[in-house]
Amino acid sequence: MDGVKFDHLLYGGDYNPDQWLEHPEILEEDIRMMKKAHINTVSLGIFAWSRLEPQEGVYDFDWLEKIIDHLYENGISVNLATPSGARPHWLADHYPEVLRVNADGSRNMFGVRHNHCYTSPAYRRKVRAINQALAARFDSHPGVIMWHISNEYGQDCYCPLCREAFRGWMRERYSSIDEVNRKWCTAFWSHTYDSFDQIEPPMLHGENSIHGLYLDWRRFVTDQVIDFYRKEVDALKDGGAKKPVTTNFMYNFKDYNYFRFAQYVDVVSWDNYPTWHKGPEALTAMDTAMQHDTMRSLKNQPFLLMESCPGPTNWQSVSKLKRPGMLEAASLQAVAHGSDSVMYFQIRKGRGGFEKFHGAVIDHYGKDDDRTYRECCEVGQDLLCLEECNHTDVKADVAVVYDWENRWAVEESKGPRNKGMFYKETVLKSYAAFRRQGLNVDLVDMEKSLDGYRIVAAPMLYMFRAGFEKKVRKFVELGGTFIMTYWSGVVDENDLCVLRGTPGGLMDVMGLRSTEIDALYDGESNRLIPAEGSRMAGEYTCRNLCQLVDATTAESLMVYGEEFYQGTSALTVNRYGEGTAYYVCADAEQSFYDDLYRMLCADAGIRGPLSCPLPEGVEVTTREGRNAEFIFIQNYAGGEVKLPVSVKAEGYEVIFRSREAAADEEIILQRFNTVVLKKIL
């Protein structure tokens, strides 16, 4: 396992002392309260450009150096940010080209953040200058441990500069305009291009009917943002920077391909803001766990939780207070899934602006008897107990394919459902079915290797790209268990329909041909019932999509219970080479996936780390070091749960437990409790 390793688990968050320079007594109190909470790291300078460069070319870094010095003297390290996420007013005034243009062609006025063009030479020039100056001044400071590049890169720009850059990107990707016309199928509606100069992005008032154009625009935007990011990093290196770099990714963010972006960061970091207490906590926890595992899987290395909220998140539709114990549970969930940090937005609440009511370690009240502050202190103490988990690995025998480009294509495909294809939700069903058995799960895209996995699930893989079908064929031939679902292998990487049968290139491996797909209206459903002699015993409801297939060598395990295709295959299995390939024909309920995947894991000899079944709402995750395995057990159920695990008899040591939890002859967890076991390997 490679990647960036720190001496300890990082604990802290975004700190904005530039908002409090006129209040030195508050800055002193911040230090005291951070130390009491065991905070050891802060992210600094993220939105401080106007303080760092109050006038063009006039830098003021002295205040920042004093802050970094004082933090370091008190045992607090710094992730030092480049300030490109929000520019000063003078920059927009002097260089109007830096302001972003929307998909309707309107140019934004100065305001908010990330309101800038990633292509603008002026913006790139000014960012390079301040980044280089910051690196020259601060990279050698012993208190600076990492560079935090910008903040939450997001959205598109459609200005003339970006449009011309897109045409240049297209010229590099395609050998001729004739190739573009072929791969975009522009003959439809007579939209053939005569030259690259005619190509425009998919703007609101322009070309929106060519799916290949949409996909290539999304790929271009990803590449352009990565290029901007890399230029930021180059400026730091040219200023002498040698320390690791990261940029904070976001939850369920589909605009940029994070698998591609992650290749250029030294360590993946991300910002996590679940809507806890909005519904069953177990469902929110499962969704959050999948996001953690996605971030870990981007580089197959430990990641950093760069932002989370210690209190209510003010920009969500409802600013819900975290119930007692929730902060500890959410923080330790990140560590369980491979995070080497727990970081918050923010350390101290600001007095004004968009996020003045956003949760923080230190409230406007400013005292240490605040409930949230006390819970932050407890989390800091928890992390001290878990130091030996730092930079340990999360190893998985199973993987679920979760592909950014496939999602772009699925959600833009115009059929079979234009509202509610539920790609992410379909992926989550497979993920949850493995996790409910206490198994670690990798999330991979189609460019990743399948080597080393024993079971791979590929939900709704509408687009095949990167030679994925060849990887699947090899995986199954060599003995792997592969699960594919409805609406898979339908198009190529340009969203052109596969000819001569689907799933393209895998009909023999799957032992069937997909023939038709029935889209169900909201509220409609069908049933999956066991085929004669099937090992599947239950009956399940399915909604949204029902694939019809012509089974050739595949055996039918379940059939449809209703409609004109009643009695036809709804779940099949095919033996191919040394392995097996399963095809799930319909959007079935979660219990179907739970039962099927439990059967497949038993067949493959894959089991979770505990000797007992897991109650609903209990999450188990393992991290593995050189000589020991660490088992995190968390309760997201509605009340107390008991697990019949005899800790000492089964060779475990309890290295952490929540105050209300018990771990001896059995493990007893109250709501939001965590127990961490250690087992010597």
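Visitor: Why is Leu478 called exposed?

Guide: In this predicted model, Leu478 has a relative accessibility of 66%, and since exposed means over 50%, Leu478 counts as exposed. The residue sits in the loop that runs between helix H15 (468–477) and strand E13 (481–485), and its C-alpha lies 6.7 Å from that of Gly577, although the two are 99 residues apart in sequence.

Visitor: What makes His391 a buried residue?

Guide: The relative accessible area of His391 is 10%, and because buried means under 20%, His391 is buried. His391 belongs to the loop between helix H12 (371–385) and strand E10 (398–401).

Visitor: How do you know that the side chain of His391 has a polar atom close enough to the backbone oxygen of Val4 for a polar contact?

Guide: The distance between the backbone oxygen of Val4 and a polar atom of the His391 side chain is 3.4 Å, which is to be set against a cut-off of within 3.5 Å for a polar contact.

Visitor: Which residues bring helix H8 and helix H13 into contact?

Guide: From H8 come His211, Tyr214, Leu215, Arg218, Arg219 and Thr222, and these meet Glu405, Trp408, Ala409 and Glu412 of H13, where contact means heavy atoms within 4.5 Å. The residues of this contact divide into four nonpolar, two polar and four charged.

Visitor: How is the packing of H8 and H13 described?

Guide: The axes of H8 (residues 211–238) and H13 (residues 404–412) come within 10 Å and cross at roughly 145°, and the crossing in which H8 passes H13 is right-handed.

Conventions
Residues are numbered from 1 along each chain as its sequence is written. This is a predicted model: local features need pLDDT of at least 70, side-chain atom pairs count only at pLDDT 80 or more; totals for chains, interfaces and linings use all residues. Side-chain values use heavy atoms; hydrogens and water are left out. Axes are lines fitted to C-alpha atoms, for helices over the stretch in contact, and angles run from 0 to 180 degrees between N-to-C directions. Helices (H or I, at least four residues) and strands (E, at least two) are DSSP runs, numbered from the N terminus. A crossing is left-handed if the near helix is turned anticlockwise from the far one by less than a right angle, and right-handed if clockwise. Ala, Val, Leu, Ile, Met, Phe, Trp, Tyr, Cys and Pro count as nonpolar, Asp, Glu, Lys and Arg as charged, and the others, Gly among them, as polar. Buried means under 20% relative accessible area, exposed over 50%, partly exposed in between (1.4 Å probe, protein chains only). A polar contact is a pair of N or O atoms within 3.5 Å; within protein, one must be able to donate a hydrogen and the other to accept it, and residues adjacent in sequence count only if both atoms are side-chain atoms.
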